[in-house]
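Please look at the points below with the model open.

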Amino acid sequence: GDPLYVKVNKLTSTKTQLPFSYYSLPYCQPERIVDNAENLGEVLRGDRIENSPYEFKMRKPRMCNIVCRKVLDKKTAKAFKEKIHDEYRVNMILDNLPLVVPVRRFDQENGVVYQHGFHVGLKGRYAGSKEEKQFINNHLTFTVKYHKDPHADSARIVGFEVKPFSVKHEYKGEWNEKTRLTTCDPQAKRAVTSSESPQEVEETREIIFTYDVEFQESDVKWAYRWDTYLLIADDQIHWFSIVNSLMTVLFLSGMVAMIMLRTLYRDISKYNQLETQEEAQEETGWKLVHGDVFRAPANSDLLCVYVGTGVQFFGMILVTMIFALLGFLSPSNRGGLMTAMLLLWVFMGLFAGYSSVRLYKLFKGTEWKKITLKTAFMFPATIFSIFFVLNALIWGQKSSGAVPFGTMIALVLLWFGISVPLVFIGSHIGIQKPTIQDPVKTSKIPRQIPEQAWYMNPTFSILIGGILPFGAVLIELFFILTSIWLHQFYYIFGFLFIVFVILIVTCAEITIVLCYFQLCSEDYRWWWRSYLTSGSSALYLFLYAAFYFFTKLDITKPVSGVLYFGYMLIVSYSFFVLTGTIGFYACFRFTRLIYSSVKIE
């Protein structure tokens with residue numbers, strides 16, 4: 001008999017990707033609308049959680065409850081029609097559980113898939129007519145599943161389902177508070193079981209909103225109530241993709257091991273035996289560029305900034321994944337993932353400042369404050385400006401997905417108030433550390449680079465380097481894109497973590513292999529190339545996002561298309577910084593290792 005309050009969340013559509021608040025449509029409203037406090041992640045996702053006129057009593061079923069009666073005018077009819085046309089769904093929440101519609105599937109054994117939220121309405125034609133009409137789902141049959149406590153009389157809610165119907169309700173006489181419907185009457189035991197005479201959406205039509213609620217006992221314990229929402233469609237494909245990627249990793253590891261053993265062992269022993277000057281001149285290979293290999297590259301400032309940003313990103317992703325693996329960021333904690341990532345990004349500024357300044361000192365730079373400022377501002381400013389433009393577009397559509405002005409200011413404060421000072425603190429620690437010493441001395445005059453074979457062309461080898469890291473994350477990427485753009489839960493962080501580790505190893509190894517080939521052909525400009533080799537996988541990621549857009553998504557509105565590509569651009573840019581930094585550090589360690597093991601006369 002305890003009261004249960006249903007809350008309403010945003011209206012969502014996979015066709016437009018623009019969420020709207022529930023009361024942007026002329027639905028029945030409670031006496032006063034109370035907005036729930038949302039965390040940062042929820043606001044950024046466009047969640048707007050409000051109270052609703054739907055109230056139940058625990059374990060007391062009710063039939064044909066009338067919520068309200070609305071008469072449509074031109075404006076309200078148009079609003080409903082647009083949302084029905086764009087296939088919007090209504091999301092509700094009871095006891096922190098999202099509302100689902102069970103859909104029967106005949107090709108699976110247990111045969112039920114859950115879809116989030118119910119459609120605002122449906123499109124259809126009357127028999128014998130060509131004209132397409134819109135019908136609204138105005139009768140909701142809720143099912144609340146509960147698990148009874150074996151020792152007490154209390155029960156806990158473990159499921160919240162709905163079957164929506166479109167019914168043209170009828171009644172006798174004038175409409176007043178006490179009117180009884182003839183189409184749905186609890187006393188005559190007439191329940192709504194189908195949408196045979198549906199309620200059309202047109203100007204001047206009246207719509208009566210009604211609902212039933214029934215309670216079902218369930219064996220699902222409260223702790224496992226999310227399991228039905230998170231049923232993994234097919235985990236074999238994840239294992240398959242992981243095994244597939246591991247093959248790539250083994251192959252690359254074999255190559256790296258061969259290079260290390262065969263070449264280095266043979267080369268080093270050979271070089272150390274070379275005593276006479278004449279024999280030394282005949283030798284070619286990576287040994288010859290020892291005087292140039294640690295020469296600072298062009299645009300070394302920019303490289304320091306990018307490496308620092310990459311370290312910041314790497315730290316954020318790593319810690320987020322560990323938290324997610326431990327179950328702190330489950331989907332039941334709405335917006336938790338987003339909030340965690342933002343806060344971690346801000347705190348990882350410490351490491352960004354430290355790593356960019358350490359590298360800058362190696363390049364004998366003197367203006368460390370300039371580098372620190374660039375590290376603190378360059379990447380976030382780029383992301384923020386893209387985000388700002390996209391937000392203006394969403395705002396123009398009057399969508400609830402637009403980040404409110406107050407939240408924008410909060411984000412800027414996080415960035416300027418916490419992130420920037422931390423980058424400076426990190427730099428300050430880095431500048432006081434002794435400079436990293438090069439294993440070999442750099443000569444005064446740069447050596448000439450011989451003509452390179454076609455396959456050692458920088459563009460070609462950079463583009464080849466990105467294929468393998470991208471291949472390693474491809475399958476998981478598909479699931480992540482589906483969960484973001486088709487509004488499903490993503491929670492398989494275990495698989496994601498394995499894939500992340502594979503990505504790190506692949507990036508490191510492919511860069512080392514290509515870097516070694518490059519040094520062997522006497523081309524010592526490896527600094528930028530090592531960053532771009534693994535970073536180029538971001539280009540493939542963006543191309544795949546475009547492919548996904550045209551093959552899997554049903555987006556027709558230009559604004560939604562711009563949003564999709566804008567967000568995917570941010571993701572690809574971040575991926576570039578992440579993978580590039582991994583490749584750079586791998587190559588950095590590798591060159592220092594091989595040159596420190598050679599005696600140089």
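1. Glu522 counts as buried, at 12% relative accessibility (buried is under 20% relative accessible area, exposed over 50%, partly exposed in between, with a 1.4 Å probe and protein chains only). Glu522 is not a glycine, yet has a positive phi of about 60°. Its place is the loop between helix 11 and helix 12; helices (H or I, at least four residues) and strands (E, at least two) are DSSP runs numbered from the N terminus.

2. This is a predicted model, in which local features need pLDDT of at least 70 and side-chain atom pairs count only at pLDDT 80 or more, while totals for chains, interfaces and linings use all residues. Residues are numbered from 1 along each chain as its sequence is written, and side-chain values use heavy atoms, with hydrogens and water left out.

3. Asn96, also not a glycine, has a positive phi of about 65°. It is found in the loop between strand 4 (89-94) and strand 5 (97-98). With a relative accessible area of 29%, Asn96 is partly exposed.

4. Helix 10 (residues 458-485) bends by about 50° at Leu474; the bend is the angle between axes fitted to the seven residues ending there and the seven starting there. Just after helix 10, His487 takes a positive phi of about 55°.

5. One cavity of 30 Å³ or more is counted. A cavity is a set of points on a 1 Å grid over the protein atoms alone where a 1.4 Å probe fits but cannot get out, and lining residues have an atom within 4 Å of a point. Points are joined across faces, edges and corners, and the volume is the space filled by probe spheres set on them. The largest cavity holds about 60 Å³. Helix 11 (493-520) and helix 12 (527-535) each supply at least two lining residues, and helix 11 gives the largest share, four residues. The lining includes Met456, Gln518, Trp526 and Arg529.

6. There are 54 aromatic pairs in the structure. Phe584 and Tyr585 have ring centres 5.6 Å apart and planes at 70°, so this pair is edge-to-face (rings of Phe, Tyr and Trp, its six-membered ring, pair if their centres lie within 6.5 Å; planes under 30 degrees apart are stacked, over 60 edge-to-face, the rest tilted). Phe584 is buried at 0% relative accessibility, whereas Tyr585 is partly exposed at 30%. One aromatic cluster includes Phe470, Tyr540 and Phe547.

Key:
1 Å grid on protein atoms, 1.4 Å probe; cavity = no way out; pocket = protein on both sides within 12 Å on 5 of 7 lines; lining within 4 Å.
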